[in-house]
Amino acid sequence: MSGQPEEPNKPVEPESILPIDEHVEETQEPDGRKVRHRGIYLLPNLFTTANLFAGFFSIITAINGNFYVAAATVFVAMVLDSLDGRVARLTNTQSAFGAEYDSLSDMVAFGLAPAVLAYEWALSELGNVGLTVAFIYVACAALRLARFNTQIGKVDKRWFIGLASPAAAGVVAGWVWAVWALDEVGIRGVDLPLILVMLFALMVAAAGLLMVSNIKYYSFKDLDLKGRVPFVAILVVVLVFAVVFSDPPRILLLIFLAYAASGPVQYLMQLRRRKRVEG
């Protein structure tokens, strides 16, 4: 007769009537206990799914030559991407599944969609060079998202290490949207002089490389949106909305170009200060 205590019988989980496995996620409570949760949170994942669809729709419309809608849809995806995380935090519905799903959706909306848009609009004119530039952007977006996932909780949340993928997508899609809206008919990148197409290719490659750089960008995550603010703040918000909607393509392009340039400018200023101190 064995002297070892017998393990208690574990309850048998009922099998699902659907040919799809139920998602089970294990989390650790503050007291150290491990708790298993079945299912996923619906509300934040609805916004993530909408973000994924926006990226998919942008790709389809870009392939069909509707560049104006394809570029605008990338900006719609940005709004949806900002909402899913905030909704999850406000409703306390964060999960590992949601974080991974969000990254995969971002890869489509801010990695593949801008690259396909840029290639169909202008980079195809450069042949294999344009294809290489588009792939560099996609690869850098994937690397950026993978690195971001491994740095969660390990870096200062006030800063992004490298240009965030939505901002990089805003630079690429904003350029296409702004140039396409120059007249009522629309201008394709292949209709531009070759030198401008090459400059666009350099900008796409630069946006991709900035995503995987170690340059810091302000994340705006420390802004208190729930606290009280002076009354003049809402007037400033109204003014910003009025300015943006006066000419969305060009104003949004300028905003994202300024943000993309802010990182290298700040980096060079820090290097200059360091040299002064050492000198």
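Let us begin with Ile215, which sits in the loop between α6 and β4 (216-218). This is a predicted model, and in it Ile215 counts as buried because its relative accessibility is 12%, below the 20% cut-off.

What does Ile215 touch, leaving aside its neighbours within four places in sequence? Its contacts are Phe160, Ile161, Gly162, Leu210, Gly263, Pro264 and Tyr267.

## The overall layout

Now step back to the whole chain. The protein has eight helices and four strands, and reading along the sequence gives the pattern β-β-α-α-α-α-β-α-α-β-α-α. Of its 279 residues, 36% count as buried. If you take the contacts between residues at least 6 apart in sequence, 77% of them join residues at least 24 apart.

Helix α2 covers residues 67-90, and Asp81 lies in it. Is Asp81 buried or exposed? With a relative accessible area of 15%, Asp81 is buried. Setting aside neighbours within four places in sequence, Asp81 is in contact with Asn51, Asp102, Asp106, Phe110 and Pro166.

Ala70 is also found in helix α2. Its relative accessible area is 0%, so Ala70 is buried. Not counting residues up to four places away in sequence, Ala70 touches Ser58, Thr61, Ala62 and Leu117. The C-alpha atoms of Ala70 and Ala113 are separated by 8.3 Å, although these two residues are 43 apart along the chain.

## Where α3 meets α5

Two packed helices are described by the angle between their axes and the distance between the axes. For helix α3 (residues 96-121) and helix α5 (residues 165-180), the axes come within 9 Å and cross at roughly 25°. The two helices are therefore roughly parallel to each other, and their crossing is left-handed.

Which residues meet here? From α3 come Phe110, Pro114, Leu117, Ala118 and Trp121. Facing them in α5 are Ser165, Pro166, Ala169, Val172, Ala173, Trp175, Val176, Val179 and Trp180. By class, this contact has 13 nonpolar residues, one polar residue and no charged ones.

## Where α5 meets α6

Helix α5 also packs with helix α6 (residues 194-211), at an angle of about 170° and with the axes 9 Å apart. That angle is over 145 degrees, so α5 is roughly antiparallel to α6.

On the α5 side, the residues are Ser165, Ala168, Val171, Val172, Trp175 and Val176. They meet Phe200, Met203, Val204, Ala207 and Met211 in α6. The residues of this contact divide into 10 nonpolar, one polar and no charged.

An unreviewed UniProt entry places the feature "transmembrane region" at residues 40-60, 129-147, 159-180, 192-215, 227-245 and 251-269. Two of these spans can be followed in the model.

Residues 159-180 are 73% helix and 14% strand, and the end C-alpha atoms of the span lie 33 Å apart. For residues 192-215, the chain is 75% helix and 0% strand, with end C-alpha atoms 32 Å apart.

Methods
Residues numbered from 1 in each chain as written. Predicted model: local features only at pLDDT ≥ 70, side-chain atom pairs only at ≥ 80, totals over all residues. Heavy atoms only, no water. Axes fitted to C-alpha atoms, helices over the stretch in contact; angles between N-to-C directions. Parallel < 35°, antiparallel > 145°, perpendicular 65-115°, else oblique. Left-handed = near helix turned anticlockwise from the far one by under 90°. Contact = heavy atoms within 4.5 Å. Nonpolar A, V, L, I, M, F, W, Y, C, P; charged D, E, K, R; others polar. UniProt positions renumbered as here; feature names shortened; annotations may be inferred. Buried < 20%, exposed > 50% of the residue type's maximum accessible area, 1.4 Å probe, protein only.
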